[in-house]
Structure formats: structure tokens, C-alpha cells
Amino acid sequence: MSDDDLRHFPKTPPESDEEWQRLHRAGYRSDQSWTVTRPVVALVKNWKAWTILVAVMAALKAGDTQALIEAISGAIK
């Protein structure tokens with residue numbers, strides 16, 4: 001966040017009941033939406049694992065690599 005973005009956030013505790021209610025409502029809504037956003041966050045954070053998985057799958061789909069694995073495992077006689 002840039003310093004300009006921080007100017008818009010209050011630096012003092014809420015002063016009225018309405019501000020407290022808005023704060024608690026926002027917290028409640030974010031907790032409720034976490035069940036939907038948690039898998040998205042997990043996918044984004046694990047992009048390296050997904051990249052490695054795709055690379056391994058692509059390598060296994062290649063004919064030469066698959067033939068080599070079969071030859072090593074003894075599947076070809």
C-alpha cells in the first residue's frame with residue numbers, strides 16, 4: 001500500500017455506536033466469505049506446486065519419457 005492509501009483509514013477507535021456496528025458487520029461478513037475465498041487463496045499461494053505438477057505431467061505425457069519409464073520399470077519385454 002502506498003502512503004496515500006493509508007490516509008483514508010482512521011487512526012483512532014470508532015467513536016459512535018454506528019461506527020462500531022459497521023466495524024463488526026465488516027468483520028462478520030469477511031468471516032462468512034472466507035469459506036468461499038479460502039480455496040482461491042490456497043490456489044494462488046501454491047502456484048509453484050501447480051507449476052511443478054503441470055511440468056511433471058507434461059513430461060510424463062511426452063512419448064520418449066514415458067517409453068524410458070516403461071523400459072526402466074520392465075513393462076516392455
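Helix α3 (residues 47-61) packs against helix α4 (residues 63-73) at an angle of about 80°, their axes lying 5 Å apart. The model is predicted, so local features need pLDDT of at least 70 and side-chain atom pairs count only at pLDDT 80 or more, while totals for chains, interfaces and linings use all residues. Residues are numbered from 1 along each chain as its sequence is written, and side-chain values use heavy atoms, without hydrogens and water.

**Exercise 1.** Describe how α3 and α4 are oriented and which residues make the contact.

*Solution.* Angles of 65 to 115 degrees count as roughly perpendicular, and α3 and α4 are therefore roughly perpendicular to each other. With contact meaning heavy atoms within 4.5 Å, α3 contributes A59, L60 and K61, and α4 contributes G63, T65, Q66 and I69.

**Exercise 2.** Find the nonpolar surface patch and the helix that gives the most to it.

*Solution.* Patches of this kind take residues with over 30% relative accessible area and no salt bridge, joining nonpolar side chains within 5 Å. L43, W50, I52, L53, V56, M57, L60 and I69 form the patch, with about 740 Å² of accessible area together (Shrake-Rupley method, 1.4 Å probe). Helix α3 gives the most, with six residues, and L53 lies in that helix.

**Exercise 3.** Locate the salt bridge.

*Solution.* A salt bridge needs a side-chain nitrogen of Lys or Arg within 4 Å of a carboxyl oxygen of Asp or Glu, and the count by this rule is one. The side chains of R22 and E18 form the salt bridge at 2.7 Å, N to O. Both residues lie in helix α2 (residues 17-45), four residues apart, about one turn of the helix.

Terms used:
Axes are lines fitted to C-alpha atoms, for helices over the stretch in contact, and angles run from 0 to 180 degrees between N-to-C directions. Helices (H or I, at least four residues) and strands (E, at least two) are DSSP runs, numbered from the N terminus. Angles under 35 degrees count as roughly parallel, over 145 as roughly antiparallel, 65 to 115 as roughly perpendicular and the rest as oblique. Patches are made of residues with over 30% relative accessible area and no salt bridge: like charges are joined within 9 Å, nonpolar side chains (Val, Leu, Ile, Met, Phe, Trp, Tyr) within 5 Å.
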